[in-house]
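These are my notebook entries on one structure. I record what I looked up, entry by entry.

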Amino acid sequence: MEVVGIRRSFGWPTMAVVLTCALLVMLPQVYSVRYIVGSRFGWTSNVNYTNWAKDKHFYNGDWLFFVYDRNQMNVLELNKTNYESCNTDHPLHNWTTGAGRDVVPLNVTKTYYFASGKGFCYGGMKVAIHVENAPPPPKAAPVRSGSTNLLSSFKGQILIPALFATAAVWDAFLLLCVLEVNQTNYEQCIDRDFITNITRGGRDVYQLTQARPYYFISSGGYCFGGMKLAINVEEPLPASPPPSSFSSTKTNASPFQIGKRFITPVLFVISSTLVWTFLFAQV
């Protein structure tokens with residue numbers, strides 16, 4: 001059996017660089033959050049997005065990440081009237097990029113109304129997002145010594161942002177999964193309906209036990225960047241039978257050896273006949 005080793009290129013040096021960059025980027029906007037709409041279900045039908053959004057607080061600067069089948073659905077921003085009636089003919093903005101992985105920045109304090117066209121809005125593919133300003137950070141209590149003030153400043157300006165940056169990098173790391181999918185989902189980079197999730201922590205091994213094509217992709221939208229692999233497994237060739245002794249002798253014998261086998265007995269018989277004929281003639 002052949003074994004395929006699939007390694008995700010996240011070494012410690014790379015992680016350190018990514019963590020540093022994320023920390024620098026997130027320092028001014030520590031509280032920005034990226035929400036995957038529908039969580040593990042994604043942007044699809046038969047999901048109650050009102051229940052998904054009701055226990056969340058969306059703040060100015062957050063992001064929405066729509067994951068869906070690009071061949072069927074889309075992401076449209078509507079006004080309230082068209083949202084309630086599922087009229088998607090005149091959207092305020094079409095956020096569809098064609099990849100099935102669309103990111104929408106929530107950079108205005110208002111209520112956003114999103115829906116999918118092509119009739120899917122009537123099946124529940126609609127969500128209202130109320131965006132508000134982030135609450136101000138709590139004021140620090142007055143301190144009496146400079147050392148305590150320094151410690152409080154370190155916690156508020158470096159330690160807390162570092163924790164948020166670490167969480168964000170770890171979240172991005174976890175989104176990189178190795179999935180076995182069918183050919184259609186492989187060609188379209190659909191990671192929602194997979195056959196097997198073979199992710200085991202960054203050093204993943206998968207045994208090829210059947211003679212058939214295998215299709216592997218990465219989740220989190222990285223498949224569209226080329227993180228996909230197709231492998232065709234074939235049956236082993238049958239072993240050729242050993243040649244028989246007769247065929248080997250017949251094949252390897254030279255014409256001289258073949259003639260020698262027949263001519264030598266004939267000459268012996270002729271010479272023996274001549275000798276006996278000569279002896280009887282003397283008598």
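**Entry 1: Arg101.** I began with a definition: a residue counts as buried when its relative accessible area is under 20%, as exposed when it is over 50%, and as partly exposed in between. I also noted that this is a predicted model. Is Arg101 buried or exposed? Its relative accessible area is 13%, so Arg101 is buried. I found Arg101 in strand 7. Setting aside neighbours within four places in sequence, I listed the contacts of Arg101, which include Phe65, Phe66, Cys189, Asp191 and Phe224.

**Entry 2: the sheet that holds strand 7.** Three strands form an open sheet in the order 2-4-7, with mixed pairing. Which strands are at the edges? They are strand 2 (34–36) and strand 7 (101–106), and each of them pairs on one side only. On average, neighbouring strands of this sheet are turned by 25° against each other, direction ignored. Strand 2 and strand 4 (residues 62–67) run parallel and are joined by three bridges. Within this pairing I noted that Ile36 has Phe65 of strand 4 as its bridge partner.

**Entry 3: the partners of strand 9.** I turned to strand 9 (residues 126–132), which runs parallel to strand 3 (residues 58–59) and is joined to it by two bridges. In this pairing, Tyr59 has Glu132 as its bridge partner. Strand 8 (residues 111–115) also pairs with strand 9, in the antiparallel sense and over five bridges. Here I recorded Ile129 of strand 9 as the bridge partner of Tyr112.

**Entry 4: the disulfide.** How many disulfides are there? The count comes to one. Cys86 and Cys121 form this disulfide, and their sulfur atoms are 2.1 Å apart. I checked the handedness: the torsion about the S-S bond is about -70°, so the disulfide is left-handed. Cys86 lies in the loop between helix 3 (80–85) and strand 6 (93–94), and Cys121 in the loop between strand 8 and strand 9, so the pair ties together parts that are 35 residues apart in sequence. Cys86 is buried, because its relative accessible area is 8%. Cys121 is buried as well, with a value of 3%.

**Entry 5: the nonpolar cores.** I then examined the largest nonpolar core, which has 22 residues. Those with the most contacts inside this core are Trp43, Phe58, Leu64, Phe66, Phe114 and Ile129. Helix 2, strand 4, strand 7, strand 8 and strand 9 each supply at least two of its residues. Apart from this core lies another, of eight residues, among them Cys177, Leu179, Val181 and Cys189. As a general rule, nonpolar side chains in soluble globular proteins tend to be buried together.

**Entry 6: Asn51.** Last, I looked up Asn51, which lies in helix 2 (residues 49–54). Asn51 counts as partly exposed, because its relative accessibility is 39%. How far apart in space are Asn51 and Val127? From C-alpha to C-alpha they are 9.6 Å apart, while 76 residues separate them in sequence.

Key: Residues are numbered from 1 along each chain as its sequence is written. This is a predicted model: local features need pLDDT of at least 70, side-chain atom pairs count only at pLDDT 80 or more; totals for chains, interfaces and linings use all residues. Side-chain values use heavy atoms; hydrogens and water are left out. Helices (H or I, at least four residues) and strands (E, at least two) are DSSP runs, numbered from the N terminus. Buried means under 20% relative accessible area, exposed over 50%, partly exposed in between (1.4 Å probe, protein chains only). Two strands pair if DSSP finds at least two bridges between them. Axes are lines fitted to C-alpha atoms, for helices over the stretch in contact, and angles run from 0 to 180 degrees between N-to-C directions. Contact means heavy atoms within 4.5 Å. A disulfide is a pair of cysteine sulfur atoms within 2.5 Å. A nonpolar core is a set of buried Ala, Val, Leu, Ile, Met, Phe, Trp, Tyr and Cys residues joined through side-chain atoms within 4.5 Å.
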